[in-house]
Amino acid sequence: MSYIHKPLLRPKSSEMGYKSPLQSGNSMCTWRYLGRFVTLGVYAAVALFLWYTLVPTRSKEPISANLDASAAPVITKNVVIYAATKFFGHPITTERFLATCPDVQNYCRITQDESEFDNADAVLFHNADYHGQNEKFKSMKNQRKPGVPFVLWSLESPSNDNFRPETHMINWTMTYRTDADIWAPYGTMIKRHKALDVNLHALWNSKSKSATWLASNCFTQNKRPYKFYLSIENSNCKDYVTEKFWKALNDRVTIPIVLARKYYKDLGVPDSAYIAIDDYATFDEFVAHVKRVEKDKDLYLSYHEWRKDWKVIIGSGFSGWCTLCDKLQDKEYILKHPKSYKDVAWWHSFEMCNNQIANKFL
Ligand SMILES: *[C@@H]1O[C@H](CO)[C@@H](O)[C@H](O)[C@H]1NC(C)=O
């Protein structure tokens with residue numbers, strides 16, 4: 001077995017003619033040492049020269065290769081949301097509440113099991129069900145961990161839903177408001193990358209047999225091809241635009257009639273996609289306009305031109321859950337940006353609604 005050792009044995013430093021500078025005790029040795037020092041200097045200069053000339057060009061390769069690494073698999077952290085309340089008395093389950101985002105279900109689940117409070121990544125309360133459990137909620141507040149947000153969820157406008165939780169209980173809100181921590185809209189619109197070829201003539205033909213808007217009760221939800229759809233919300237509040245509007249645009253392929261333009265404009269809906277009653281000085285002027293649109297093919301179709309450039313995305317009331325799972329991935333960010341609502345009821349309601357608009361017209 002000795003043949004293995006021989007080639008592997010390193011020669012001793014003395015056999016290589018090497019002497020440590022510390023070993024040299026006379027002037028002869030000092031000169032030899034200096035000579036080596038100069039040689040070393042020359043080598044160093046050459047090495048530096050090569051490094052400066054060659055390295056910048058060579059290093060481009062690995063840098064661009066690193067940029068390419070964005071295709072590397074994204075590592076997802078498993079997250080658990082503890083639902084501390086029910087949803088209008090019904091259980092909150094992963095299957096139902098994350099139904100629209102099956103991919104998210106791979107790393108995110110909802111539990112209603114109180115024993116999981118300690119390992120949950122977020123604790124969620126549905127506002128309408130936040131009552132009668134004050135002691136339980138109080139003890140949760142006392143046991144909370146800094147990186148685990150308490151989230152308040154509501155689908156309703158402040159006219160129909162007063163927020164209940166007390167001071168600094170809630171870290172994040174999950175509502176239809178664009179400035180909520182988790183935005184959970186009923187629908188939204190995005191600009192298409194490429195214009196869609198829409199057959200507006202066919203659209204007009206499909207509508208021409210319908211009863212005129214004022215002659216019959218055309219606001220019922222049956223399948224007749226109406227030209228207009230009355231999409232008036234139960235209250236007029238900032239960002240509160242529900243599926244009544246989005247489905248009129250998208251599923252019913254009609255012109256929604258809304259009460260006040262402001263709320264739709266704020267959400268970035270193109271002006272020409274709907275008729276707003278408050279654009280007119282009086283209700284009669286509004287009616288006269290609708291009658292004109294109803295009869296004039298070009299004018300009617302001008303309200304559908306947007307379809308070429310925009311796409312409607314219908315959200316479900318549960319869309320916030322998918323976004324919440326995603327946001328919980330970034331634990332570091334959450335820890336670095338703590339927040340809580342001193343008065344979450346005030347946030348939800350203060351100066352958010354104008355329910356006087358209807359009095360003027362209707
Ligand atoms: C939640 O609010 C509490 C009370 O203000 C705070 O101590 C905690 O850091 C907050 N957590 C998050 C995740 O923002």
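Biologist: How many nonpolar, polar and charged residues does the shell around the ligand have, by class?

Modeller: The shell has four nonpolar residues, three polar and two charged. Here Ala, Val, Leu, Ile, Met, Phe, Trp, Tyr, Cys and Pro count as nonpolar, Asp, Glu, Lys and Arg as charged, and the others, Gly among them, as polar. This is a predicted model, in which local features need pLDDT of at least 70 and side-chain atom pairs pLDDT 80 or more, while totals for chains, interfaces and linings use all residues. Residues are numbered from 1 along each chain as its sequence is written, and side-chain values use heavy atoms, with hydrogens and water left out.

Biologist: Which residues are around the ligand?

Modeller: A residue belongs there if one of its heavy atoms lies within 4 Å. In this model they are Arg144, Pro146, Pro149, His168, Asn171, Ile334, Pro338, Lys339 and Ser340.

Biologist: Where does an oxygen atom of the ligand lie 2.7 Å from a polar side-chain atom?

Modeller: At Arg144. An N or O atom in the side chain of Ser340 is 2.8 Å from a ligand oxygen. Taken alone, the ligand exposes 360 Å², and the protein buries 75% of that (Shrake-Rupley method, 1.4 Å probe).

Biologist: How many cavities of 30 Å³ or more does the structure hold?

Modeller: A cavity is a set of points on a 1 Å grid where a 1.4 Å probe fits but cannot get out; lining residues have an atom within 4 Å of a point. The structure holds three cavities of 30 Å³ or more.

Biologist: Which residues line the largest cavity?

Modeller: Among them are Ile232, Glu233, Cys237, Leu259, Tyr263 and Tyr264. By class, this lining has seven nonpolar residues, two polar and one charged. The second largest cavity has five nonpolar, one polar and three charged residues in its lining. Arg144 is part of that lining, and Arg144 is also one of the residues around the ligand.

Biologist: Does Asp121 count as buried or exposed?

Modeller: Buried means under 20% relative accessible area, exposed over 50%. Asp121 has 7% relative accessibility, so this residue counts as buried. Asp121 sits in the loop between β2 (108–111) and β3 (122–126), strands being DSSP runs of E, at least two residues long.

Biologist: With which side chain does the side chain of Asp121 make a polar contact?

Modeller: With that of Lys77, at 2.9 Å. A polar contact is a pair of N or O atoms within 3.5 Å; within protein, one must be able to donate a hydrogen and the other to accept it.

Notes:
On a 1 Å grid over the protein atoms alone, a cavity is a set of points where a 1.4 Å probe fits but cannot get out, and a pocket is an open set with protein on both sides within 12 Å along at least five of seven lines; lining residues have an atom within 4 Å of a point. Grid points are joined across faces, edges and corners, and a volume is the space filled by probe spheres set on the points. Helices (H or I, at least four residues) and strands (E, at least two) are DSSP runs, numbered from the N terminus. Buried means under 20% relative accessible area, exposed over 50%, partly exposed in between (1.4 Å probe, protein chains only).
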